Amino acid sequence: MIHPNPLLRWLTIAVLGGVALVEVFPYAWMVTTSLKDLPSVTQFPPAWIPYPPHWDNYAKAWASGPFLHYAVNNVIQTVGILVLQLFFGCLAGFAFSKLRFPGRDLCFLLVIACLIVPPQVRFVPLYILFAKLGLLNTYTSLILPYAVSALGTFLIREAFMQVSDDIVDAARVDGAGTFTLVFRIMAPIAKPTIIAFSLFSVVYHWNDFFWPLVMTTNDAVRTLPIGVAMLREEGTGARWHIIMAGSMFVVAPVLLVFVVAQRHIIRAFTFATLK
Amino acid sequence: MFLVAWLVIAALLGLPGLAGAQGPIVAQFWYSFGGKNREVTEAHIKKFNESQAKYRIEGTFQGDYFQALAKIRAAAATKTAPAVFHVIGEAEPQLWQAGLFENLEAYAKGPNGTNLDDFLPGQTQATYFDYLGKPPAPLFSLPFFRSTPILYYNADLLAAKGVKVPTTWDELRDAAGKLTVREGTDTKVYGFEVPVDWWFWFALLHQAGGSLLTPDGKKAAFREKGTEALQFWVDLVNKDKTMKRPPGKDYSAWEVANTDFLNQRVGMIFTSTAFLNYITENAKFKLGTAFLPAKVKQAVPTGGTFFVVARDAPAPQKEAGWAFIKWMTDPAQTISLSKATGYMPIRLSAINSPEMQAFYKENPNYKTAIDQLKTAQRFPFSAALIEIQREVIQPNLEAAVLGIKTAAEIMAAAEAKTNEILAKTQ
Amino acid sequence: MTAPRTGAGGPSPVPGRRRRETWLGYALVGPSVFLFGLVYLYPVAYSAWVSVYTWDLVTEARYVGLENYRDLWSAEFREVVANTALYSVGVVVLSQGLGLVLAVLLNNRTWLGAIFQASIFSSYVVSWVAVSLLWIWLLDPQYGLVAYLLSLVKLPSVNWLGDHRIALGSLVLVTVWKTIGYPMVIYLAGLQAIPGDLYEAASLDGAGAWQRFRHVTWPLLTPTTLFLLITLTVASFQGFDIVKIMTQGGPVTSTVIYVYYIYEQAFQYFKLGKASAAVVVFFAVIVALTYLQWLVFRRRVHYAA
């Protein structure tokens, strides 16, 4: 809300500006470091504006490994995971919220139990399993372990429970099949939740370094975060300008997605209440 | 729509890696470093592949040292281990006894063998370990990137304050005091900094005249001198307040120490000779290097990693693996590797070559680590060694410097735990 | 997290329809449950099996019964639980609270607001590796930027990451800094979905700014708040990267949280048995808590749209 009181308004701007500065400062530092040359990186006090800007750092980072290949893999991985998470999440969410069948609540409890099983726990047994099945270094090993999301299923179920039973019944009466009901009627109503969760999932999996690293032993399906990690020289700061340049390849797409998505998020939330 | 979904899923299944072509024997080399070392290694792998047609080595990055080791162990469990990888010395006894490594004696003496006598004493597996009175283990590893800790000092700073390069603990303490600059309660420049880390503690332990285990390797022997070593740090940090303890563990702390040194926030540091290239290139002051100071004697550990070949790999791949590591440890390669990274050459013939002799004349700092090798200490060949390092010593050194426990308490507890572990591994 | 509720879906008196509903339920839930079982529960079961052995992945596994569990009941493990709880509560409360405040302040759709919003969100999408060195420098007690700013206002320097008493708090603050963009954006969306006429009506009734917030904004934000509470709590329990990159669990063990503890035990000490026991314990606790919640809220009626 725009405050009629100018003093409050300036105070608000000051506070927001301060917070924004603190928040964006590291990102700005990332950008400026990516354009520095090596001596400037390690110097102290640090040079704030790199002059001249070293655009070749980006070329060097890109050339240090098969970055295009990694980028493609990263997209396949992130999108593949999201699509499956939403697909399974909506179907299961619908069943958990609108259907009755024996064992339903037990199944749901099982899903909840998966909420805090972290990848470090899943790595060894799944690595061994995938190795035995000959699925190491395939997209399956990256996508399948995340094809279902306990969080996503839970949140979508919550959102579907808000959908009035009348709508469900009306759709049924009109002869809608299950898929139509779930994806054409209920999902759009749960759009805010689905989009908010998607944002969370995309950022997490796009930046995921651990899982693609431990589940792969060669470049076949490796992703950008690993490409960036390979630039690191442990114990020295020798590569930070190139690492930052490499990191920009990872950050830029997500930031772009956000800029586009934020309008959708807000629109989705807005339409939800205008029933 | 269901059908589409299943098709998508089916499509995402099993995109296998590039099928192996007929032709050269392909073997995997798993390594766990990035940055410059990675580039240099990959360049050498390429050169190896181009230099002959029988074998082809594929090198891949596997994360940091522990992630790589975890994957190798998991891979060993499923018989998909790479043919070649590298390990830190402290891990070798346990992994050797677990049957992970191929015995390389026959390879070394065979047609594509290598002259083991040409290797630098202190660098090889045989001179790295103390076999505790038992028959030595056969050759199963060749040195890769090897290093020792050295003293780096800011020659300009020392000259400005009229401080001599310390050669004993007392001189170090003295020098650190003179180099420290304080403004009120803030310390602007510290005299000395070293990561509070097993490797440097091991050095101090031996400099004080102690050793890790008894000669038969059955019991801990480090309590008294280990306490002295740790107490030295405790005093420097908390009493004199002339030493900065870099925060973070493992390589994070090492990086802070290096950065502080380059930024002239500290006058002297102990760190690996592996960073000599990096520090030399980025120091905006006159850089000096020296042996680590002595107490009762001069002593340093060696560090870095060794090449090993996996015992469970198929025979042709093991052959390829050996050919690769033999080539990598040949004099020509050790010279090019050393010059590109700053790690020490591992062959006598390389060090004595005119090329390297000229190089050392121009860059005397690079000679320090090599000369210091004559004071290199051996590690006990015990399967418990890695556990002692990672679990008993390394995580507990900090507590003394932070003042949570005394050095004596920590060493006493460490001794008890070590004896417990040793009893289990007998 | 809220308890699963019963009774959604309406009465279906016709037995044929009931059977079809059951069949449909299984068909829809089946694939999910199968996958959850395979990729989540199988590893947990595997951990349960490994937890009664001592195993380092290479040597022969040695059966040790409940020894790992007995080992767990130690001060070290209790500290991990405490650290995890403190970290989670700190992160969730702070990031959600501050996120709401920021969203309220930003709720004006001007171009300046858009710039601020994008700036605040930028840190959420950047990976930890990229900003870790920066933070280690920023927090350096000797010459970091924070130390410099503190000296400007004559405050003493703080050893943010090197003092074992406050390191965890530092990590909480850094985590909040990094993730606050997310609750801010979600709350912002929730706020802008509130129809303006509700505020007008409230103003006409004489409600001041705070009362408008309490009686209009806050209640209508409840679903958003719940969504964020769950999401942020789950995310905080999975916290790992920040510890791995910034403190590696130190100083001493003051920043070891649940996931990092398991990683350390499994991959740095190669004590898979002990790590597995820790996994089983945490898993059992969550299941027990959730089940308890379900029992208690069994009869609760869910609110309609």
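Trainee: Is the crossing of α8(C) and α11(C) left-handed or right-handed, and what makes it that?
Mentor: Bear in mind that we're looking at a predicted model. The crossing of α8(C) and α11(C) is right-handed. That label goes to a crossing in which the near helix is turned clockwise from the far one by less than a right angle.

Trainee: Why are α8(C) and α11(C) called roughly antiparallel?
Mentor: Start with how such pairs get described: two packed helices are characterised by the angle between their axes and the distance between the axes. Here the axes of α8(C) and α11(C) cross at roughly 165 degrees and come within 10 Å. Angles over 145 degrees count as roughly antiparallel, so α8(C) and α11(C) get that name.

Trainee: Which residues of α8(C) and α11(C) meet, and how do you know that they do?
Mentor: On the α8(C) side you'll find C:P183, C:I186, C:Y187 and C:G190, and they meet C:T224, C:F227, C:L228 and C:L232 of α11(C). The test for a contact is C-beta atoms within 7 Å. By class, that contact has six nonpolar residues, two polar and no charged. C:G190 is in the meeting set, and Gly counts as polar.

Trainee: What about the place where chain C touches chain A: how many residues are in contact?
Mentor: 78 residues of chain C are in contact with 84 of chain A. Several helices of chain C each supply at least two residues to that side, including α3 (75-106), α8 (181-192) and α14 (272-296). The most comes from α1(C), which gives 20 residues. Sorted by class, this side of chain C has 58 nonpolar, 18 polar and two charged residues.

Trainee: What share of chain B counts as buried, and what makes a residue buried?
Mentor: Of the 426 residues of chain B, 54% count as buried. To qualify, a residue needs 20 or more other C-beta atoms within 10 Å of its own.

Terms used. Residues are numbered from 1 along each chain as its sequence is written. Chains are lettered from A and ligands numbered from 1 in the order in which they are written. This is a predicted model: local features need pLDDT of at least 70, side-chain atom pairs count only at pLDDT 80 or more; totals for chains, interfaces and linings use all residues. A residue is buried if 20 or more other C-beta atoms lie within 10 Å of its own, exposed if 12 or fewer, and partly exposed in between; C-beta atoms are placed from the backbone. Two residues are in contact if their C-beta atoms, placed from the backbone, lie within 7 Å. Helices (H or I, at least four residues) and strands (E, at least two) are DSSP runs, numbered from the N terminus. Axes are lines fitted to C-alpha atoms, for helices over the stretch in contact, and angles run from 0 to 180 degrees between N-to-C directions. Angles under 35 degrees count as roughly parallel, over 145 as roughly antiparallel, 65 to 115 as roughly perpendicular and the rest as oblique.
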